[in-house]
Amino acid sequence: MTRWLLDASVLLAAEDRDDASHADARRLLEGTGRLATLDLALYEVTNVAIVAWKDAAAAHRLRGVIAALADDGGLVRAEPSLLETAAELAHVHGISAYDAAYVAAAAAVRAELVSCDVRAIVARGLARLPADAARPDAP
Amino acid sequence: MHITLDLSVRLVPAGACPSSRSQARARRVGRSGNEPVPVGYLATEYGCVGAHGTRESNLAIPGILSPVAKVMVSLPDDLLVDLDAEAARRGLTRSGLLRDLAQESLRRRGADRAARVGEILGGAGAHGGGVAELLKAHRPR
């Protein structure tokens, strides 16, 4: 069974009922597949919930989702070696160090990255959309 | 470091190897000869032969073969007796029982996580969508 590493955009989509990927992100997170995320996501989702949405309750829920992933053995730590790989990936692919960190984390735990960021990540073949990962026939 | 592989290789489905007989004939590949390392298996007419294992060097053909690691586990004697009794009761090998128990445990943990996330996100809000763009816009420049 494929292990999926979810970036912050997927976690945010699961919290935002208005987002186009909301239903797929929920299906992924509420399924029994093997899931993980990077500790960076904790800061990123909290930042969006507090600064953009101004919604402390949403931030609390998102931290709860990440804690649940962590208790399921799915929290990847951004160790120096991972960040070094991320820096190389950012340079090679011309993506941000944030996005590259998720790409590196997925590779480190032999997972496939899932992201809602079509232009920077999915279109480059570095991740799948939640809709693809949540399909019943997904690998 | 030595790698010993028989040349007459036949492919077998994942899970069919190693048998207890072939395990006995399997040759472990290690740095010192005694040191266990992760190995994959090829089935040969002489049984299962450890293939020194980086992930890339394990022979795996999706849908046909999957890599199998051989590991050394330390267990108290009493627990081992209980495990062997349970394996016999289920008609499994010791390895098969440990594999089943590990899979059951991880599956249960995944189900617990799924239920917990479902409960948390039952209160999800409506925030206007476009989360990927919003995320990027709020990253430090």
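Author: Start with the partner chain, for context. Of the 141 residues in chain B, 17% are buried. This is a predicted model. Chain B holds four helices and three strands. Read from the N terminus, its elements follow the order β-α-β-β-α-α-α. Take the contacts in chain B with a separation of 6 or more: 44% of them link residues 24 or more positions apart.

Now the sheet of chain A. Four strands build it, and it is open. Their order is 3-2-1-4, with parallel pairing. Which strands stand at the edges? Strand 3 (75-76) and strand 4 of chain A do. Each has a single partner strand, so one side of each lacks a neighbour in the sheet.

Go through the pairings one by one. Begin with strand 2 and strand 3 of chain A. Two bridges join them, and they run parallel. Here A:Thr37 has A:Leu75 of strand 3 as its bridge partner.

Next comes the pairing of strand 1 (residues 3-6) with strand 2 (residues 34-38) of chain A. Four bridges hold this parallel pair. One residue pair to look up is A:Arg3, whose bridge partner in strand 2 is A:Arg34.

Strand 1 of chain A also pairs with strand 4 (residues 112-114) of chain A. That pairing is parallel too, over three bridges. Look for A:Leu6, which stands opposite A:Val114 of strand 4.

What packs on this sheet? Helix 6 (residues 97-108) of chain A does. Helix 6 touches strand 1, strand 2, strand 3 and strand 4 of chain A. The direction of helix 6 makes about 145° with that of strand 4.

Last, the contact between the chains. Chain A gives 35 residues to it, and chain B gives 25 residues. Which elements of chain A give two or more residues to the side that touches chain B? They are helix 1 (8-15), helix 2 (22-29), helix 3 (40-52) and helix 4 (56-71). Helix 4 of chain A gives the most, with seven residues. By class, this side of chain A counts 16 nonpolar, five polar and 14 charged residues.

To recap the sheet: its order is 3-2-1-4, strand 3 and strand 4 of chain A are at the edges, and helix 6 of chain A packs on it.

Technical notes
Residues numbered from 1 in each chain as written. Chains lettered and ligands numbered in written order. Predicted model: local features only at pLDDT ≥ 70, side-chain atom pairs only at ≥ 80, totals over all residues. Contact = placed C-beta atoms within 7 Å. Nonpolar A, V, L, I, M, F, W, Y, C, P; charged D, E, K, R; others polar. Pairing = 2+ DSSP bridges. Buried ≥ 20, exposed ≤ 12 C-beta atoms within 10 Å, placed from the backbone. Axes fitted to C-alpha atoms, helices over the stretch in contact; angles between N-to-C directions.
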